[in-house]
Amino acid sequence: MAKEKELFDIRDPVHGTIQFTAHEKRVINHPYVQRLRYIHQLGFVFFVYPGATHDRFSHALGAMHIAGRLWSQLVRSSRDVMLSSMTPSDIEYLGKIVRLAGLLHDSGHGPFSHDSERLLPSLSTLQVPREWYATKISRREQATHEDYSVMVIASLADGDQAPLTKIEAQDIASLVHHRIKPSREWGIRFRRATKKKFNVHDVVQGIISGDLDCDRMDYLMRDAHHTGVPYGFYDIDRLVSALSLVRTPIQREVHLALNYTGIRAFEDFLLARYHMFLQVYFHKTANCFDYFLERAFTSGEVNYVIPSTMDEFANLRDSTVIEKLFEAAGHQQNIWSRLLVSRTPATLVFSTSMLRQGKQKPRDRKILLEKIAVLCKRRGVQPLIVSSAQHLYHSPLKKQRSGARLFTVKRVMGEDFYEPIEKYSNLLQKYNEEISIVDVYILKSEYARVARGLKKLLAGYQKKIIGR
């Protein structure tokens, strides 16, 4: 037991020293987790920001570290809530599961991460424990990277030298994937908490996959560090220290809460997310190269299939795809591979937000997009249209699970006053709309055929919106 609690450490450029236990070390060193060293975190963003060559392995370690920080803070700040609902061994078990869920939350990403998700097979073909799923698996539904994460986690509990038990694996998977139910033992262990309206699972799942989770808290700072942009940084120390668990006075349910003194740190976190999407994740050139990769896959230039078995999947790396792209680029007819390998982007001819902007309605932009499409068709040119969408914050937009909603707490006349954070934060009320961007590109070889007509269309559009 003493060896299990032995601590090891590794140096991280974002968080400094990251410590982990002997048990966590066995999981980290497993080949299925080490595979993440060979998967880029940001796909082809390194074509734009040369430093963005970091991998999903470092992000996994960072997410584990932050998950541990978040859980430790909740234990410190909410000891009365914790101890009235569960035993110290239960609290220790949760801490272990939360950190491992942070480590393994992205373990199912394939080469170039989200760019290869269109190639994922039917979920029904995947080697996953079907009894873990709360809903029936349809033959028609496509697998997601979260489903692959479930396959990875389940595989870590297979064999004599498996670093996880079956119970641990299912409980970890249930925090990573919303369709996975926790183990039967989880329900028995936390029966007392459930009776006290403390939905432990929803609360800890929010640490892994929520509006204020270890995933976002790590990737914003990590991606900003490696791209060299200033936008992704926020006061993580202040944000973490302001968190606690509270029992609301009306429903008497336990929820995650942020002290009002941490609201500005939370708003900085939201703005960091907003600006990183606009400046990095939705960058026009990176989006263009992602489109080329997708077309190289779907057109058959690159013969690439993501397998459904764990051993075959474990052998996939970014280099697998890169070598196939270089091979395909050697043939003149493989235009998408050639454009990628030569790093030749298409020409951006129009980019717009599809949200209402003051008096300008999205309808005006939709009409312009239709006119561009008609013009291109007449000239025998195929425009490349890339749509990017993301929400700044989800909670106000959908009904929250019990325990998952984030509250603010403020001391008023000697009493704690609770309010949902979306009602307390002025910034959240003002800016919580979907980030929706549409980029229109024309291949450089075809641009001259439509340039004159496009300039005329855009001049008329500009005159119309400026003249209002």
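These are my notebook entries on a few places I looked up in this structure, which is a predicted model.

**Entry 1: the sheet**

I began with the strands. Strands of a sheet pair through backbone hydrogen bonds, either parallel or antiparallel. Here I found an open sheet of 3 strands, in the order β5-β9-β6, with antiparallel pairing. I then asked which strands sit at the edges. They are β5 (347–353) and β6 (384–391), and each of them pairs on one side only.

Next I went through the pairs. How many bridges join β6 to β9? There are 8, and β9 covers residues 434–442. These two strands run antiparallel. Between β5 and β9 I noted 6 bridges, again in the antiparallel sense.

Then I picked out residues that face each other across the strands. Tyrosine 441 in β9 has leucine 348 opposite it. Leucine 384 also stands opposite tyrosine 441. Further along β9, serine 436 has alanine 389 opposite it.

**Entry 2: what lies across the sheet**

I looked for helices against these strands. Helix α14 (residues 284–298) lies across β5, β6 and β9. Its direction makes an angle of about 115° with β6. Helix α18 (residues 362–378) lies across β5 and β9, at about 155° to β5.

Is β9 mostly covered or mostly open? It is mostly covered, since 8 of its 9 residues are buried.

**Entry 3: leucine 339**

I moved on to leucine 339, which lies in helix α17 (residues 335–341). Is leucine 339 buried or exposed? Its relative accessibility is 16%, and the cut-off for buried is under 20%. So leucine 339 counts as buried.

I listed its contacts, leaving aside neighbours within four places in sequence. Leucine 339 is in contact with Phe289, Phe292, Thr344 and Leu443. I followed up the last of these. Leucine 339 and leucine 443 are 104 residues apart along the chain. Their C-alpha atoms are separated by 9.7 Å.

**Entry 4: serine 85**

Where is serine 85? I found it in the loop between α4 (79–83) and α5 (88–104). Its relative accessible area is 1%, so serine 85 is buried.

I checked its side chain too. A polar atom of the serine 85 side chain lies 3.1 Å from the backbone oxygen of valine 81. Not counting residues up to four places away in sequence, serine 85 touches Arg192, Ala193, Lys196, Phe198 and Arg247.

**Entry 5: two packed helices**

Last, I looked at a helix pair. Two packed helices are described by the angle between their axes and the distance between the axes. Helix α7 (residues 166–176) packs with helix α10 (residues 200–208) at an angle of about 70°. Their axes are 8 Å apart. Angles of 65 to 115 degrees count as roughly perpendicular, so α7 is roughly perpendicular to α10.

Which residues meet here? From α7 I wrote down Ser174, Leu175 and Val176. From α10 they meet His201, Val204, Gln205 and Ile208. I sorted the residues of this contact by kind: 4 are nonpolar, 3 are polar and none is charged.

Technical notes. Residues are numbered from 1 along each chain as its sequence is written. This is a predicted model: local features need pLDDT of at least 70, side-chain atom pairs count only at pLDDT 80 or more; totals for chains, interfaces and linings use all residues. Side-chain values use heavy atoms; hydrogens and water are left out. Axes are lines fitted to C-alpha atoms, for helices over the stretch in contact, and angles run from 0 to 180 degrees between N-to-C directions. Helices (H or I, at least four residues) and strands (E, at least two) are DSSP runs, numbered from the N terminus. Angles under 35 degrees count as roughly parallel, over 145 as roughly antiparallel, 65 to 115 as roughly perpendicular and the rest as oblique. Contact means heavy atoms within 4.5 Å. Ala, Val, Leu, Ile, Met, Phe, Trp, Tyr, Cys and Pro count as nonpolar, Asp, Glu, Lys and Arg as charged, and the others, Gly among them, as polar. Buried means under 20% relative accessible area, exposed over 50%, partly exposed in between (1.4 Å probe, protein chains only). A polar contact is a pair of N or O atoms within 3.5 Å; within protein, one must be able to donate a hydrogen and the other to accept it, and residues adjacent in sequence count only if both atoms are side-chain atoms. Two strands pair if DSSP finds at least two bridges between them.
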